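Subject: Structure handover

Hello,

Here is the structure I promised to pass on. Please open it first, then read the notes below.

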Amino acid sequence: MKQVFKDRPRAPERGAAVNPDMAALQEAEKARRLLAAIVESSDDAIASKDLNGVITSWNKSAERLFGYTTEEMVGQPVTLIIPPELHADEPQILAKIRAGERIEHFETVRVAKDGHLIDVSLTISPVRDEKGTIIGAAKIVRDITEHKKIERALRTTEKLAAAGRLAATVAHEINNPLEAVTNLVYLAKRDLQDAQKVGAYLELASRELDRVAHIARQTLGFYRDTSTPVPFDVTQTLDDLVFLYETRFQTRKIKVVKQYDQGVAVTALAGEIRQAFSNLITNSIDAMSAGGTLVIRAARSHSWDSARLPGVRITILDTGSGIPPQHKAHIFQPFFTTKADIGTGLGLWITRNIVEKHGGTIRVRSKAGLKEHGTAFSIFLTLEGRLAGTEKDDQADASSLRSSKRMVVA
Amino acid sequence: MKIIVVDDEPIIVDTLVNILTGEGHDALGLSDGKSATKWAEMMRPDAIVTDVLMPGMNGIETAKAIMQLLPKCRIILFSGQAASTDLLAKARAEGYSFEVLAKPINPDVLLEKLNTPENSSGS
């Protein structure tokens with residue numbers, strides 16, 4: 001059915017109703033025109049295609065968004081607006097449509113006539129004829145370029161804020177051992193005649209230097225942006241973070257309990273997962289200003305939703321002040337913070353983004369009572385860390401990441 | 001000169017006490033602000049060298065308490081972290097002005113500071 005919404009339907013016959021069949025036909029025609037008008041005036045780009053992926057209709061907003069006119073598009077394959085590296089998506093989309101499935105809010109990239117890439121959210125539904133046979137698909141395309149831009153800006157902001165917090169921690173962790181080394185070198189020079197003393201000072205100095213070196217290695221690697229997932233040891237990453245925040249645990253009298261399964265590893269963007277863990281641990285530290293216990297658990301497990309999906313569950317549990325019930329609904333929202341002085345309100349939002357980008361899930365349980373209080377965040381990561389990749393700035397890179405997972409779930 | 005050194009990192013306290021003692025000072029090392037205040041009252045030191053960010057009573061609270069007990073006591077704060085500037089700004093708003101040295105401090109610089117009268121120290 002090659003139907004172009006833009007084409008004006010034949011004006012219905014006016015005059016005395018002839019017979020009931022005719023009246024029904026006129027009603028149907030009226031409804032069809034109304035629908036066509038709605039489609040035509042919609043702010044969202046709306047198009048339809050047949051089961052071979054050939055465009056059958058193309059509304060005004062689609063013309064505006066992609067730069068192709070209706071005349072140019074109708075009869076053309078839909079792949080005209082799909083970037084070449086994502087062409088493989090189309091048969092999968094068509095297969096789903098044939099199976100009568102609907103694809104909702106599928107975030108991907110499309111390409112306009114002038115070649116520029118557009119971040120879009122697609123909703124594609126099967127179209128049936130009067131007998132119920134699927135004959136094509138209707139597609140609503142929402143331009144989410146602005147939305148994506150804002151998301152990226154927010155992420156950058158949070159990265160800067162996190163870098164600032166990290167710099168403060170690093171300054172403290174590095175300047176203290178440096179102070180000790182400076183003093184020890186002074187003493188070694190002063191007591192140069194006493195080989196035994198000098199030996200002892202140098203031994204201590206060397207230990208302090210190891211501390212500085214370790215912290216530098218940890219933190220300088222912290223924000224290294226790896227764009228490809230790598231297999232990494234989850235417990236090692238958790239240990240490194242515990243080491244990094246060691247003094248904070250000591251000064252706040254926080255006891256750290258580690259419960260690890262042996263050899264827990266996942267394939268993921270190591271730096272980002274590390275940031276997610278770090279956000280949860282620092283939140284726990286902030287919640288335990290009067291001391292407490294931090295339990296860090298890493299166990300081989302399976303998904304909450306599907307017992308067949310193997311993965312790793314990391315739980316960060318504290319005996320801190322807890323999340324008041326009225327805040328629970330908001331903690332993952334951007335800019336929600338109860339720590340006005342030091343918080344950006346983006347930590348948990350980012351954490352959830354990172355986890356979900358890896359196809360994982362995050363859950364929270366918390367009690368904020370006087371007697372019983374504390375919070376437990378659990379992150380489930382699949383072993384293979386399938387990437388949804390919605391945040392890379394590099395469009396081409398982003399689309400290839402997208403195609404790798406989004407289609408699996410779409 | 002009688003000097004109290006306060007820092008929650010034992011290795012820093014130990015080395016500073018060693019250095020100050022070696023220069024003929026009578027130095028006592030402590031790990032927290034509360035005991036520093038207690039000892040200051042008994043020992044009546046000429047100077048106190050204290051870390052800023054410590055668990056419990058921080059260096060600025062310690063300095064304020066000792067200032068009230070011993071107005072003539074020389075107070076030198078040292079810190080490894082920028083976060084201490086917030087604490088200092090707060091103290092300044094309350095009318096206290098302290099000199100803060102950034103860690104790591106060259107011991108020669110610290111000794112020189114202690115040997116120079118406060119009003120001519122220039123910082």
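Two residues are in contact here if their C-beta atoms, placed from the backbone, lie within 7 Å. With that in hand, take chain A: residues 24 or more positions apart account for 63% of its contacts with a separation of 6 or more. For chain B the corresponding share is 61%.

A word on the source. This is a predicted model, in which local features need pLDDT of at least 70 and side-chain atom pairs count only at pLDDT 80 or more, while totals for chains, interfaces and linings use all residues. Residues are numbered from 1 along each chain as its sequence is written, and chains are lettered from A and ligands numbered from 1 in the order in which they are written.

The two chains

Helices (H or I, at least four residues) and strands (E, at least two) are DSSP runs, numbered from the N terminus. Chain A has 12 helices and 12 strands. Chain B has five helices and five strands. Along its sequence, chain B reads β-α-β-α-β-α-β-α-β-α.

Burial comes next. A residue is buried if 20 or more other C-beta atoms lie within 10 Å of its own, exposed if 12 or fewer, and partly exposed in between. In chain A, 33% of the 410 residues count as buried. In chain B, buried residues make up 40% of the 123.

Where the chains meet

The chains touch: 18 residues of chain A are in contact with 19 residues of chain B. On the chain A side, the elements giving two or more residues are α5 (145–190) and α6 (195–220) of chain A. The largest share, 14 residues, comes from α5(A). For classes, Ala, Val, Leu, Ile, Met, Phe, Trp, Tyr, Cys and Pro count as nonpolar, Asp, Glu, Lys and Arg as charged, and the others, Gly among them, as polar. By that scheme, the side of chain A that touches chain B has eight nonpolar, six polar and four charged residues.

Helix pairs

Two packed helices are described by the angle between their axes and the distance between the axes. Axes are lines fitted to C-alpha atoms, for helices over the stretch in contact, and angles run from 0 to 180 degrees between N-to-C directions. Angles under 35 degrees count as roughly parallel, over 145 as roughly antiparallel, 65 to 115 as roughly perpendicular and the rest as oblique. A crossing is left-handed if the near helix is turned anticlockwise from the far one by less than a right angle, and right-handed if clockwise.

In chain A, look at helix α7 (residues 234–244) and helix α9 (residues 270–287). Their axes come within 10 Å and cross at roughly 45°. α7(A) is therefore oblique to α9(A). The crossing of α7(A) and α9(A) is right-handed. α7(A) brings A:T237, A:L238 and A:L241 to the contact, and α9(A) brings A:I273, A:R274, A:F277, A:S278 and A:I281. By class, that contact has five nonpolar, two polar and one charged residues. α9(A) is mostly covered, with 15 of its 18 residues buried.

In chain B, the axes of helix α2 (residues 33–43) and helix α3 (residues 59–69) come within 9 Å and cross at roughly 15°. α2(B) and α3(B) are therefore roughly parallel to each other. Their crossing is right-handed. From α2(B) the contact takes B:G33, B:A36, B:T37, B:A40 and B:E41; from α3(B) it takes B:G59, B:E61, B:T62, B:A65, B:I66 and B:L69. These residues divide into five nonpolar, four polar and two charged.

Single residues

A:W58 is in strand β2 (residues 55–58) of chain A. It counts as buried because 26 C-beta neighbours lie inside 10 Å. Leaving out residues up to four places away in sequence, A:W58 touches A:A47, A:E63, A:T70, A:M73 and A:V74. A:W58 and A:T70 are 12 residues apart in sequence and 5.4 Å apart in space, C-alpha to C-alpha.

A:H105 is in strand β3 (residues 103–111) of chain A. Phi of A:H105 is near 45°, a positive value in a residue other than glycine. A:H105 has 11 C-beta neighbours inside 10 Å, so it counts as exposed.

A:K253 lies in the loop between α8 (246–251) and β7 (254–260) of chain A. Phi of A:K253 is near 55°, again a positive value in a residue other than glycine.

Last, chain B: a cis peptide bond joins B:K103 and B:P104, with omega about -5°. B:P104 lies in the loop between β5 (99–102) and α5 (107–115) of chain B.

Best wishes
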